[in-house]
Amino acid sequence: MRFISVFIFTVFQLSFLLSSMPVVASDLSARLLDVARDSHLAEQTINTLQGQPPHQLTTADYLVIAQAYQTLGNREAALDATQKAESVAQTPYLLALSLFKKAQIYGIYYQNAELAIQQLLQAEQHLTALEEPAAKILLTDVLSSFASAYNLQGDLKTALTYAQRSLALAQKINNDARQLHALILNGRITLQNNQYQLAFSYLQQALLLASQLQDEEELASIHFRLGMAHRKLEQHTDALEHFTAAAERYSALNRMANYSAVLVYMAESYLEEPRQIEKAEALLQEAIDIAKAQQNISRTATAYYSLGRVAMLRQDYRLSEENYQKALQGFRQINSRGMATETALALVQLMIEQKRYDEAAAFNTAVSTDIDAAATFLKIRYFTNAAMLAAAAGDWQTAYQFQTVITELNQQELTSQIKDNMLALKDGLSQVSETEQQDTVTSELQAALQTAQSRQVLLQAALVFMFFFSFIIWQLYRRKVSITVPSVQETTPKQWQQFQDKVKVLSTQQDMTLWVLTPRNYGLLSRQFGHNVLAKHIKALEHKLDTSAFKAIFIDNDMLWLALPTAQTTEQATSLDSVIHLLQQQLTQFEIEAAILTAELPLQELLGNNWHKDDITALQDAIGYAWYLTEQQSPESMQWHLRFSALHPRPCEWQAEDLRSDMLNALRLTELIIYVNEHPLAITD
């Protein structure tokens with residue numbers, strides 16, 4: 001499992017940023033650090049500055065207000081302040097600084113890498129033409145943030161390009177603090193791509209520099225990365241030593257977000273020893289408690305991923321899938337494509353283990369759209385799943401073809417590692433002064449590399465053979481022995497599950513839209529006439545509907561769910577109108593004016609291509625919140641039509657615990673738009 005990083009903008013890093021400010025704004029550094037460290041002072045500063053006439057406030061004032069609001073946890077107000085700072089900026093440098101701060105807010109508090117990247121692109125454009133030292137220092141921060149953002153999205157190639165640019169610039173301007181940060185960033189990204197030798201080289205340089213600077217926070221970060229490297233090499237004792245050192249430092253520094261991340265990887269190392277599974281589970285639960293308290297979606301999702309593995313090792317497949325799904329929802333919510341892909345592949349493996357081949361194949365196919373840009377180890381997992389599914393279907397030729405791809409990918413990864421080793425060898429030789437020493441070191445290291453290569457090739461061949469042979473035997477065995485998997489007790493009506501399944505299948509064939517109809521005054525009618533009487537009248541619609549016009553129908557006590565192609569025919573549109581008219585007729589029997597709420601939910605826009613059927617259930621809560629927001633504005637019409645629209649697929653994680661907060665953020669960022677009777681729903685603070 002790979003480490004996920006978001007923009008972690010600590011007070012320590014803030015001092016880095018502020019050291020880049022020009023002399024004319026030298027007091028801004030102290031002002032920002034003061035409000036970042038003291039929440040009481042932050043509140044006082046906001047009251048003082050906002051009490052002044054707006055035309056007297058400068059860019060520096062607005063940046064201080066933004067930092068004060070960040071300290072108090074008010075991200076909306078912080079974002080508004082940075083936008084005002086941007087609007088009054090007098091110089092390209094201050095404009096770039098305002099954009100950079102806005103990118104940080106999008107990255108940290110909204111965890112929206114795409115919007116952060118848009119701000120960083122603008123900041124880079126303003127800084128590129130500036131030659132002053134402060135601008136160059138800020139540019140290194142911008143480049144590092146680019147690397148973190150692309151790393152979060154799983155685009156390791158682009159992330160590494162920006163990380164290397166940041167390191168080169170930090171070395172050019174001779175800034176030790178920026179150079180240290182860039183070395184760690186390069187080490188992390190190369191490690192995620194299994195470039196071990198290169199990662200160790202970066203981290204060893206960083207360790208030396210951090211020791212010289214006596215930088216405890218970066219030393220903790222380096223120990224964390226070294227622990228991850230040893231874990232990947234299956235040197236778990238060494239890994240735990242580094243993780244423990246990192247955890248102790250982060251705890252002493254009160255960096256609880258980082259501390260919780262270390263706990264997850266300590267747990268992962270303990271999971272390599274079955275007797276330590278309880279210890280691993282306890283660490284993961286502690287990590288989740290910390291992450292939830294800090295509302296850190298990334299850390300929470302990472303811990304749930306590991307809990308999925310815990311349950312898998314215990315063969316508790318239901319709990320394993322539940323934890324993997326929670327992890328997947330979190331990673332999608334922050335658009336962490338790499339970890340979302342990794343989690344989806346883990347779900348595929350779980351489904352294969354349970355012989356749920358159709359579901360596994362659909363999931364694996366959905367992952368294929370992101371696999372080309374994924375890291376090599378994820379490609380190997382993807383094609384391994386594909387080979388197993390082909391074998392399960394009896395398509396041995398396709399299974400063999402996939403296995404050939406796996407072999408080629410393993411060879412590519414091995415070649416890349418050997419190339420990195422040779423580059424490190426070349427760098428090492430440049431530091432040896434005498435020719436004999438060079439020859440000796442060259443011979444010894446080349447011999448070691450050749451031995452390592454031979455062993456890895458033989459091991460790779462053996463693993464491939466063992467995997468394929470074992471899978472064939474398993475396939476033959478499973479035809480003779482039927483393994484009964486305990487069924488999960490149904491907690492939802494069978495008709496609703498059938499509706500979910502049918503809509504899920506239909507959505508793979510064409511774009512589908514769900515229409516939901518309900519009486520707006522259902523609660524009042526239910527109290528006046530009784531729940532059973534009202535439900536009976538609504539369910540009576542089932543016998544009056546022309547069901548042939550709809551792809552799927554479900555009628556609950558208070559809601560009608562209709563599935564239609566997004567591109568409706570005239571006949572289908574007419575049938576939809578007739579359903580609304582029938583519902584109005586049913587309600588007029590209660591001698592009141594029929595007030596109907598309809599919701600239009602385009603599934604491909606709202607859920608994306610790869611979604612779980614329980615997302616449909618979660619949309620009911622989304623309708624409820626949209627209904628509530630509409631009530632606050634009291635439209636005059638008796639009939640309310642709520643049409644959901646998304647700027648990008650899956651603007652919210654619909655099964656998130658705090659869905660309403662997630663929806664509100666998406667609405668404010670216009671990632672999600674709700675039209676009420678074709679007028680955009682106004683969102684106020």
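I take buried to mean under 20% relative accessible area. I start with leucine 169 because its 13% relative accessibility puts this residue in the buried class. The model I am reading is a predicted one.

**Entry 1: leucine 169**

I find leucine 169 in helix α9, which covers residues 156–172. I looked up its contacts and left out neighbours within four places in sequence. The list holds Lys136, Leu139, Thr140 and Leu143. I then took one C-alpha to C-alpha distance.

**Entry 2: the whole chain**

I stepped back to the chain totals. I count 29 helices and 7 strands. The chain has 685 residues, and 53% of them count as buried. The accessible surface is about 31,800 Å². Carbon and sulfur atoms hold 51% of that surface.

**Entry 3: the nonpolar cores**

Which residues touch the most other members of the largest nonpolar core? I get Tyr93, Leu127, Ile189, Phe224, Phe243, Val262 and Met266, out of 142 residues in that core. Helix α8 (residues 133–153) gives the most to this core, with 11 residues. There is also a second, separate core of 43 residues. Among its members I note Val516, Leu607, Leu664 and Val676.

Leaving aside neighbours within four places in sequence, methionine 266 is in contact with Leu240, Phe243, Thr244, Ala247 and Leu283.

I also checked alanine 245, which sits in helix α13 (residues 236–252). Alanine 245 is buried because its relative accessible area is 13%, against a limit of 20%. Its C-alpha lies 9.9 Å from that of valine 262, a residue 17 places away in sequence.

Is threonine 45 buried or exposed? Threonine 45 has a relative accessible area of 16%, so I log this residue as buried. Helix α3 (residues 39–50) holds threonine 45. Not counting residues up to four places away in sequence, threonine 45 touches Val35 and Val64.

Serine 201 is in helix α11. Its relative accessible area is 27%, so I log serine 201 as partly exposed. The C-alpha atoms of serine 201 and asparagine 186 are separated by 9.8 Å, and the two residues are 15 apart along the chain.

**Entry 4: positive phi**

Glutamine 214 has a phi of about 55°. I place glutamine 214 in the loop between α11 (196–213) and α12 (216–232). Its relative accessible area is 68%, so glutamine 214 is exposed.

Glutamine 315 has a phi near 60°, also positive. I place glutamine 315 in the loop between α16 (297–313) and α17 (317–333). Glutamine 315 counts as exposed because its relative accessibility is 57%, and the cut-off is over 50%.

Threonine 670 is another entry with positive phi, near 60°. Threonine 670 follows α29, so I turned to that helix next.

**Entry 5: helix α29**

How many residues of α29 (residues 659–668) are buried? I count 7 of its 10, and the helix is mostly covered. The buried residues are Leu659, Asp662, Met663, Leu664, Asn665, Ala666 and Leu667. What covers them includes three helices: α5 (75–88), α17 and α28 (614–633). Strands β5 (640–646) and β6 (672–676) are also part of the cover.

**Entry 6: helices α19 and α20**

Two packed helices are described by the angle between their axes and the distance between the axes. I looked up both for α19 (residues 357–371) and α20 (residues 376–392). The axes come within 10 Å and cross at roughly 150°. The crossing of α19 past α20 is left-handed.

Which residues meet? From α19 I list Tyr357, Ala360, Ala361, Asn364, Val367, Ser368 and Ile371. From α20 I list Leu378, Lys379, Tyr382, Asn385, Ala386, Leu389 and Ala392. By class, the contact has 10 nonpolar, 3 polar and 1 charged residues.

Notes: Residues numbered from 1 in each chain as written. Predicted model: local features only at pLDDT ≥ 70, side-chain atom pairs only at ≥ 80, totals over all residues. Heavy atoms only, no water. Axes fitted to C-alpha atoms, helices over the stretch in contact; angles between N-to-C directions. Helix = DSSP H or I, 4+ residues; strand = E, 2+ residues; numbered from the N terminus. Left-handed = near helix turned anticlockwise from the far one by under 90°. Contact = heavy atoms within 4.5 Å. Nonpolar A, V, L, I, M, F, W, Y, C, P; charged D, E, K, R; others polar. Buried < 20%, exposed > 50% of the residue type's maximum accessible area, 1.4 Å probe, protein only. Areas by Shrake-Rupley, 256 points an atom, 1.4 Å probe, with all protein chains shown as cover. Core = buried A, V, L, I, M, F, W, Y, C linked by side-chain atoms within 4.5 Å.
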